[in-house]
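Me: I would like to learn how to read a fold residue by residue. Could you take me through the features in turn, with the general idea before the particular case?

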Amino acid sequence: IQADGTDGNCVTFVMHDEDHTLGNSLRYMVMKNPDVEFCGYCITHPSESKINFRIQTRGALPAVEPFRKGLNDLMGVCQHVLNTFEVRHSWRAPG
């Protein structure tokens with residue numbers, strides 16, 4: 001991940017080897033933060049596998065904070081889904 005922005009509360013993060021799967025779900029998680037004024041992403045070009053992910057916060061909150069929180073929250077949701085799936089679909093040996 002690369003970060004580009006001279007102002008700490010408005011930063012574009014460049015994520016390589018990613019697409020809409022991460023971009024849209026991460027945007028959703030970041031926008032749940034009331035301190036985030038703007039969050040969006042774009043795919044630079046169909047032949048490139050990277051996204052530009054932009055966050056602008058209110059006040060003096062650095063944009064990297066809701067970015068980090070969004071990633072952690074998304075990992076938590078994914079882990080919950082995986083755990084639920086494994087519990088409900090675990091193999092049981094006949095017998």
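Me: Which residue of strand 4 does Val 14 stand opposite?

Reply: Helices (H or I, at least four residues) and strands (E, at least two) are DSSP runs, numbered from the N terminus, and two strands pair if DSSP finds at least two bridges between them. Here Val 14 stands opposite Asn 52 in strand 4, and the bridge partner of Val 11 in that strand is Ile 55. Strand 2 and strand 4 run antiparallel and are joined by 7 bridges. Please keep in mind that this is a predicted model, in which local features need a pLDDT of at least 70 and side-chain atom pairs count only at pLDDT 80 or more, while totals for chains, interfaces and linings use all residues. Residues are numbered from 1 along each chain as its sequence is written, and side-chain values use heavy atoms, with hydrogens and water left out.

Me: What is the mean confidence, and which element scores lowest?

Reply: The predictor's confidence in each residue is its pLDDT, from 0 to 100. The protein chain averages 90, and 88% of the residues score at least 70. Among the elements, strand 1 (residues 2–4) has the lowest mean pLDDT, 67, whereas helix 1 (residues 20–31) has the highest, 97.

Me: In what order do the elements run from the N terminus?

Reply: The order is β-β-α-β-β-α, made up of 2 helices and 4 strands. Strand 3 and strand 4 form a hairpin with 6 residues between them; these two strands run antiparallel and are joined by 7 bridges. Within that pairing, Ile 43 stands opposite Ile 51, and Phe 38 stands opposite Gln 56.

Me: Which residues have the most contacts inside the largest nonpolar core?

Reply: In soluble globular proteins, nonpolar side chains tend to be buried together. A nonpolar core is a set of buried Ala, Val, Leu, Ile, Met, Phe, Trp, Tyr and Cys residues joined through side-chain atoms within 4.5 Å. The largest one here has 15 residues, and those with the most contacts inside it are Met 15, Leu 26, Val 30, Phe 53, Ile 55 and Phe 67. Strand 2 (10–16), helix 1, strand 3 (36–43), strand 4 (50–57) and helix 2 (64–88) each supply at least two residues of this core, and its largest share, 4 residues, comes from helix 1. Contact means heavy atoms within 4.5 Å; leaving aside neighbours within four places in sequence, Leu 26 is in contact with Met 15, Phe 53, Phe 67, Gly 70, Leu 71 and Leu 74.

Me: Which residues of helix 2 are buried, and what do they pack against?

Reply: An α-helix has 3.6 residues a turn, so residues three or four places apart point the same way. In helix 2, Pro 66, Phe 67, Gly 70 and Leu 74 are buried, and the buried residues of this helix pack against strand 2, helix 1, strand 3 and strand 4.

Me: What is the length of helix 2 from end to end?

Reply: The expected span of a helix is 1.5 Å times one less than its number of residues. For the 25 residues of helix 2 this gives 36 Å, which agrees with the 36 Å between its end C-alpha atoms.

Me: Is Asn 33 buried or exposed?

Reply: Asn 33 is buried, because its relative accessible area is 15%. Asn 33 has its place in the loop between helix 1 and strand 3, and, not counting residues up to four places away in sequence, Asn 33 touches Pro 66 and Lys 69.

Me: What is the phi of Asp 17?

Reply: Most residues other than glycine have a negative phi, and most peptide bonds are trans. Asp 17 has a positive phi of about 60° although it is not a glycine. Asp 17 lies in the loop between strand 2 and helix 1 and counts as exposed, because its relative accessibility is 62%.

Definitions and conventions. Buried < 20%, exposed > 50% of the residue type's maximum accessible area, 1.4 Å probe, protein only.
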